[in-house]
Amino acid sequence: MTTVLPRKTRHTIKAGLFAFALAGFAWGISGSTATAQVTAFKQAVAEAASDNTDVSAFYRANGYDAIWTGSDKASLKRRQALLQALLDAPAHGLPDQTSMVAKLTEALKSVQTTRDLGRVEAALSKAFVTYAEDLKTGMLVPSKIDDGMVRKKADLDAEALFTGLMAEQPTAYMRNLAPDSPQYRALMREKQRLERLVQTGGWGPTVPAGKKQPGQKGAGVIALRNRLIAMGYLERSASGSYDSALEQAVQAFQTAHGLAADGVAGDSTLKEINISPNARLKSVIIAMERERWLTPERGDRHVLVNLTDFSARIMDHGEITFQTRSVIGKNTHDRRTPEFSDVMDHMVINPSWYVPRSIVTKEYLPKLKANPNAVSHIHVTDNKGRTVSRGAIDFSKYTARSFPFSMRQPPSKTNALGLVKFMFPNKYNIYLHDSPQKHLYPREVRAYSHGCIRLAEPFEFAYALLAKQSEEPKAFFDRILKSGNETRVNLETHVPVHLIYRTAFVPNKGPVEFRRDVYGRDTKVWAALERAGVVLPGVQG
């Protein structure tokens, strides 16, 4: 487990332990002795870097020259910038690196030979690459944490890392390794705010259980008022009743936490209100790690689906231009919606529903064995897509593995996909679509599908996408819809789609918002971060 030194010790390191590590080196060598020492230095660098492919490749390319341990000003600035960046790592929700800095500093102080110096040179480069990777693309591998987190992190371009380091001002370069996104910067500010809050006592006492609503008075109402004042949702007040100001504060809190904004502090609202700032801080740190997993090239226009928020948005240059409620996969192992990014290239109006093989064999085949006319609204088809008479099939003789048929539901208002689907072809068979089950959208928690994303306003979503290529997108869409024919409509400009999972996020306007960990994935991410050495302020490892 990572050792976190006391704050005073860390400040001591920052103030004085750099003295030798940041100083220039004057080895006083010349002639043939100098040549021998340079050769020894390069051999030591090559040997020490051999277990790191990226570092080894860099030194081969630069002739094993020093970039950290030289006596020139550029090397001095790089050393200083790296060691300070490592000390500042916890500001990004990364493990405390005080002990690493102390180790590197001690190694520099203990240099006796050029071979020693070569080993320190390689160690500094390894520390740099590890830090840069953690900060640019994340510490964790998503798929190793949960099989629904199939997002692939961007590959680290180590050559570009070193090229940038050599070409730019080192301190600024280290600072700019972090994701350059407004969301990351906002989360970092929220992390700092919550850390200060934790250090000063948090939000005070929790609110006692029991429904609280307008018109009530008593100690519970006062506790609710005080908690919301501390959280910033309510101006200071001496009122002891559940008045209109308190009702509006409850509504604002509910909106910011994905709850039905009815102004009544029921069980679910009180549960969220009583969550500690430490727990909220964890969510923010997790969100920062997740932000590092996302590619920086998200597209000037892209679709953003936050699974925990049950929402789908069209983003144009960082602004929300369309937003609708969504239904996501049911919280069971085989139905949870995965997290990944892909590119939407077309929509299908009046789609047929080609039933996934898993649904055919697990859900429909048992019904067909019991009654060949079950699910009669869905056609049984052969391997060429032709409808097969159910009377010609003895369903009882087939198993899930041997069943040779497929199933397809023709276009209709009752089609499982509704009247339009939005395709970003992917191996997970996930897409966005309409649904005839409109009664699900008003619900607070909307995890009911087999994995795909259902949209509350699919037609309007289509109009927004088509507006980029049609002067009358609604008329264009409606004309095809009324034909009843299954029709593919290609998007002239493809649109990136990002399926994300954020229990903490900062909207463009307003304070941070939090959502429930509907699939339990963030619990797993935090456990992995802790194993990697991440700790909350004041928690010693």
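Q: How many of the residues count as buried?
A: Of the 541 residues of the protein, 50% count as buried, where buried means under 20% relative accessible area, computed with a 1.4 Å probe on protein chains only. This is a predicted model, in which local features need pLDDT of at least 70, side-chain atom pairs count only at pLDDT 80 or more, and totals for chains, interfaces and linings use all residues. Residues are numbered from 1 along each chain as its sequence is written, and side-chain values use heavy atoms, with hydrogens and water left out.

Q: What pLDDT does the protein average?
A: The average is 92, and 93% of the residues score at least 70, pLDDT being the predictor's confidence in each residue, from 0 to 100. Over residues 1-31, however, the pLDDT is below 50, although this stretch has 61 contacts in the model beyond near neighbours in sequence; a contact here means heavy atoms within 4.5 Å. Where pLDDT is low, the predicted coordinates should not be read in detail.

Q: Changing topic, how many helices and strands are there?
A: The protein has 17 helices and 14 strands, taken as DSSP runs (H or I with at least four residues for helices, E with at least two for strands) and numbered from the N terminus.

Q: How do α4 and α5 pack?
A: Helix α4, residues 73-87, packs against helix α5, residues 98-109, at an angle of about 150 degrees, with the axes 8 Å apart. That makes α4 roughly antiparallel to α5, since angles over 145 degrees count that way, on a scale from 0 to 180 degrees between N-to-C directions, with axes fitted to C-alpha atoms over the stretch in contact.

Q: Which residues meet there?
A: From α4 there are Arg79, Leu83, Leu86 and Leu87, and they meet Thr98, Met100, Val101, Leu104, Thr105 and Leu108 in α5. By class, this contact of α4 with α5 has seven nonpolar, two polar and one charged residues, with Ala, Val, Leu, Ile, Met, Phe, Trp, Tyr, Cys and Pro counted as nonpolar, Asp, Glu, Lys and Arg as charged, and the others, Gly among them, as polar.

Q: And what is the angle between α10 and α11?
A: Helix α10 (residues 219-231) and helix α11 (residues 244-256) pack at about 55 degrees, their axes 11 Å apart.

Q: Which residues of α10 are involved?
A: Val221, Leu224, Arg225, Leu228 and Met231 in α10 meet Leu246, Ala249, Val250 and Phe253 in α11, and the residues of this contact divide into eight nonpolar, no polar and one charged.

Definitions and conventions. Parallel < 35°, antiparallel > 145°, perpendicular 65-115°, else oblique.
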